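Please keep the sequence and the coordinates open while reading.

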Amino acid sequence: MNNAFVDIQKSWDLACSARKNSYSPYSRFAVGAALTLRTGGTVTGCNVENASYGGTVCAERTAVFAAVAQGYRDFEHLVVVTETTPASPPCAFCLGVLAEFCPPDFPIYLANLKGIEKSFTLGELLPHPFQLAKNSTLL
Ligand SMILES: [Zn+2]
């Protein structure tokens, strides 16, 4: 086994553990995410639902927001775990948030409780992310 495979398996384990913390009483669709940092280490997330529905945040975004809040912005890969077959990709909101920090070749591994099922790059899942104009005066 090479190191990348071991890292991804470890991330899958961490995403499965994070999924156990999911607060999803409305959808009953528990999701866990593990975001591996380029500097080493992993930040995890789970979906947190809200009775308003609109206040719900996905596992992928809780992981990204937690990482950014801790001062991390450079990510190696993301593993997302659901219980579905086929494994579910991140939603469009999460892909847009990932595109804010990650390049198009950023690897996203889709997994279920049996293990990693597929991988895509961010660019494959979101080929045309929203961006403010390069010459925008808003930035
Ligand atoms: Zn999402």
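A residue is called buried when its relative accessible area is under 20%, exposed when it is over 50%, and partly exposed in between, using a 1.4 Å probe and protein chains only. By this definition Arg-19 counts as buried, because its relative accessibility is 13%. The model is predicted: local features need pLDDT of at least 70, side-chain atom pairs count only at pLDDT 80 or more, and totals for chains, interfaces and linings use all residues. Residues are numbered from 1 along each chain as its sequence is written, and side-chain values use heavy atoms, with hydrogens and water left out.

Helices (H or I, at least four residues) and strands (E, at least two) are DSSP runs, numbered from the N terminus. Two strands pair if DSSP finds at least two bridges between them. On these terms, the structure has an open sheet of 5 strands in the order 2-1-3-4-5, with mixed pairing. Strand 2 and strand 5 are the edge strands, each of which pairs on one side only. On average, neighbouring strands of the sheet are turned by 20° against each other, direction ignored. Angles run from 0 to 180 degrees between N-to-C directions, and axes are lines fitted to C-alpha atoms, for helices over the stretch in contact.

Of its 6 residues, 5 are buried, so strand 4 is largely enclosed by the rest of the structure. Strand 3 and strand 4 run parallel and are joined by 4 bridges. Among the partners, Leu-78 is bridged to Ile-108 of strand 4, and Val-80 to Leu-110 of strand 4. Between strand 4 and strand 5 (residues 115-121) the pairing is antiparallel, over 6 bridges. These two strands form a hairpin with 2 residues between them, and Asn-112 has Gly-115 in strand 5 as its bridge partner.

Turn now to helix 2 (residues 59-69). Its buried residues are Ala-59, Glu-60, Arg-61, Thr-62, Ala-63, Val-64 and Ala-67. What covers them includes strand 1 (32-37), strand 2 (42-46), strand 3 (75-81) and helix 3 (92-101), where contact means heavy atoms within 4.5 Å. Just after helix 2, Gly-71 takes a positive phi of about 95°.

Which charged side chains meet? Side chains of opposite charge can pair when their charged atoms come close. A salt bridge is counted where a side-chain nitrogen of Lys or Arg is within 4 Å of a carboxyl oxygen of Asp or Glu. The structure holds 2 salt bridges. In one of them, the side chains of Glu-83 and Arg-19 meet at 3.5 Å, N to O. This pair links distant parts of the chain, 64 residues apart: Glu-83 is in the loop between strand 3 and helix 3, and Arg-19 is in helix 1 (residues 3-19). Glu-83 counts as partly exposed because its relative accessibility is 48%, whereas Arg-19 is buried.

A salt bridge also joins the side chains of Arg-38 and Glu-76, at 3.2 Å, N to O. Arg-38 lies in the loop between strand 1 and strand 2 and Glu-76 in strand 3, so the pair ties together parts that are 38 residues apart in sequence. Arg-38 counts as exposed, at 52% relative accessibility, while Glu-76 is partly exposed, with a relative accessible area of 33%.
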